[in-house]
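Have the sequence and the 3D view open side by side.

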Amino acid sequence: MTCLPDKTDRQLGLVIDLDTCVGCHACVVSCKGWNTEHYGAPLSDQDPYGADPSGTFLNRVHSYELRPEDAPAQLVHFPKSCLHCVDAPCVTVCPTGASYKRTEDGIVLVNESDCIGCGLCAWACPYGARELDLAAGVMKKCTLCVDRIYNDNLPPQDRTPACVRTCPAGARHFGDLSDPASEVSQLVAERGGFELMPEQGTAPANRYLPPRPKDRWQDDASVLAPFLEPVAQEPKGFLGWLDRTLEKL
Amino acid sequence: MYPAPSIIAFTTLSGLGFGLLFWLGVDGTPPTGWVALVFFALGLGLAGAGLLASAAHLGRPERALKAFTQWRSSWLSREAWAAAAAMTLMGVYGAALVLWQVDLRLLGWLGALACGGAVFTTAMIYTQLRTVPRWHHWSTPALFLLLALTGGALLSGRVSVAIPLLMLSGLVQGLVWWDGDRRFARSGTTMATATGLTGGDIRAFEPPHTGDNYLLREMVYVVGRKHAAKLRVIAITLMSALPTALLLLPFGHVWAALAVLSHIAGVATARWLFFAQAEHVVGLYYGKR
């Protein structure tokens, strides 16, 4: 049934640190690699080596420029994948029961053999977390690497989502966000982690940690500052004559 | 949103078909015999063609029957049930009129109710989406129902009912456009709430990929909006003004047929705009609307 569970035992999810993310896209590549080879239909590409390449991705990294009025602009890299919402609108719109939210860990999944590829769940998601695979005709989304995190065949350090395991900057954290004592919950509390688009009422599980405030130049930052004033404000001599003459023309 | 021809055909044709079947269902003196056959075949044919067109939109159409299972939570599933119920009830009601000249009144009323339900549930598929502020409003089902009633009245030859309905639906469509243009701003979703970044003006610096993707093609359809203002004038003229003028002429079947064709073309144009002008909030992540 595509009704949402009243309560989940745990709520697994990601905490993404916008301060540490360097925008290397390694998580995008490892996600595509793992999920093409494992759970469900592969993530296909269309015209991958041609003039108009495009493909299915479960994780994409945007970059934004934040421009404060009184400080230099700041570049923020912004990875985005399924946020495994508590009130997932993508699940309730599904007409076939293919989309569901797991009671045991809160992961939102698609049963691909039931999916008719109507695309309504992708419309219902405000975050663009779901993409219809054009080769398979079914909806693809982040599974939180459900085939890694419980996989006894993998060494313990690999039992995390591929994106978390691969992140060279340590910007991605995985854990139970319903447990206030968990590492991820404490990280959220410490750093003021926030939800994306809270006004959409989706109650996302994933949280984002804001970029830390940057250093600013103080007044009289250097004793040499007065000597660093530009010397010639107005051109003199020949250039001054040229400037005045051209001005008159 | 991408104005997929299959979905425009689905909502336009099924709305028209269920509108016609509604008027046949509530008719105190319904047609019988051959005349009934033509009317019911037209109504069921339009509704059926619309539903078939909607199946063309699916990635895996061979599994379409699974869409009947989730009526408890999904408006799309409810739409499947309402459409199937409406077509079955009106099919039996029509067959009795065509074959035995028997008016099963109660069945007619039930069928008409189901036709209204089918159009309403179709509209609710779009209305439920908070992600598309232009659609997330009670006026969406109101306009869908009004247009179905108007088209049905026109197709079933109810001139005296059709004229006021044409004027009313034109007026409501105008109001919906006027208000719809303001709904995204009213929804409160901005690049700031999408990214959570504060303390300055935010600009999309780099998209995730240099090429386009499913999300941009499906939900950030911006190319068709260039001529939106002109298309609105064309749509309202064809769906409302021109048919009204044609019906006010001394009655002739040619004028009536032209009025119907003009109305259908107008509704299809308005439906194209309904999708092409609908901005999904995911566009904000790409710095677009």
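What follows is a short walk through this predicted model.

Start with two helices in chain B. Two packed helices are described by the angle between their axes and the distance between the axes. Helix α6 of chain B covers residues 159-187, and helix α9 of chain B covers residues 228-248. Their axes come within 9 Å and cross at roughly 165 degrees. An angle over 145 degrees counts as roughly antiparallel. Therefore α6(B) and α9(B) are roughly antiparallel to each other. Their crossing is left-handed.

Now look at the residues that meet there. On the α6(B) side they include V159(B), I163(B), L166(B), W177(B) and D181(B). On the α9(B) side they include R232(B), I236(B), M239(B), P243(B) and L248(B). By class, this contact has 12 nonpolar, six polar and two charged residues.

Next come the charges. Side chains of opposite charge can pair when their charged atoms come close. How many salt bridges are there over all chains? The count comes to 22.

Take one in chain A. K32(A) and D45(A) meet through their side chains in a salt bridge, at 2.7 Å from N to O. K32(A) sits in helix α1 (residues 26-37) of chain A, while D45(A) sits in strand β2 (residues 45-46) of chain A. The two are 13 residues apart, and the pair links distant parts of the chain. D45(A) has 38% relative accessibility, so it counts as partly exposed.

Another salt bridge in chain A joins the side chains of D105(A) and R102(A), again at 2.7 Å from N to O. Both D105(A) and R102(A) are buried.

Chain B has a salt bridge between E279(B) and R134(B). Their closest N and O atoms are 3.7 Å apart. E279(B) lies in the segment after α10 (253-276) of chain B, and R134(B) lies in the loop between α4 (105-127) and α5 (139-155) of chain B, so the pair ties together parts that are 145 residues apart in sequence. Both E279(B) and R134(B) are buried. Salt bridges can also share partners: in this way E65(A), R67(A), D201(B) and R203(B) are joined into one network.

Find D70(A) in the loop between β4 (59-67) and β5 (74-81) of chain A. Its relative accessible area is 59%, so D70(A) is exposed. D70(A) and K101(A) are 31 residues apart in sequence, and their C-alpha atoms are 45 Å apart in space.

N59(A) lies in strand β4 of chain A. N59(A) has a relative accessible area of 2%, so it is buried. Leaving out residues up to four places away in sequence, N59(A) touches several others, among them C27(A), C31(A), P79(A), C163(A) and R172(A).

Last, check the backbone. Most residues other than glycine have a negative phi, and most peptide bonds are trans. Which phi does H84(A) have? The value is near 45 degrees, which is positive. H84(A) lies in the loop between β5 and α2 (89-92) of chain A. With a relative accessible area of 0%, H84(A) is buried. C145(A) has a positive phi too, near 50 degrees. Look for C145(A) in the loop between β9 (139-140) and α4 (146-149) of chain A. At 6% relative accessibility, C145(A) counts as buried.

Key:
Residues numbered from 1 in each chain as written. Chains lettered and ligands numbered in written order. Predicted model: local features only at pLDDT ≥ 70, side-chain atom pairs only at ≥ 80, totals over all residues. Heavy atoms only, no water. Axes fitted to C-alpha atoms, helices over the stretch in contact; angles between N-to-C directions. Helix = DSSP H or I, 4+ residues; strand = E, 2+ residues; numbered from the N terminus. Parallel < 35°, antiparallel > 145°, perpendicular 65-115°, else oblique. Left-handed = near helix turned anticlockwise from the far one by under 90°. Contact = heavy atoms within 4.5 Å. Nonpolar A, V, L, I, M, F, W, Y, C, P; charged D, E, K, R; others polar. Salt bridge = Lys/Arg side-chain N within 4 Å of Asp/Glu carboxyl O. Buried < 20%, exposed > 50% of the residue type's maximum accessible area, 1.4 Å probe, protein only.
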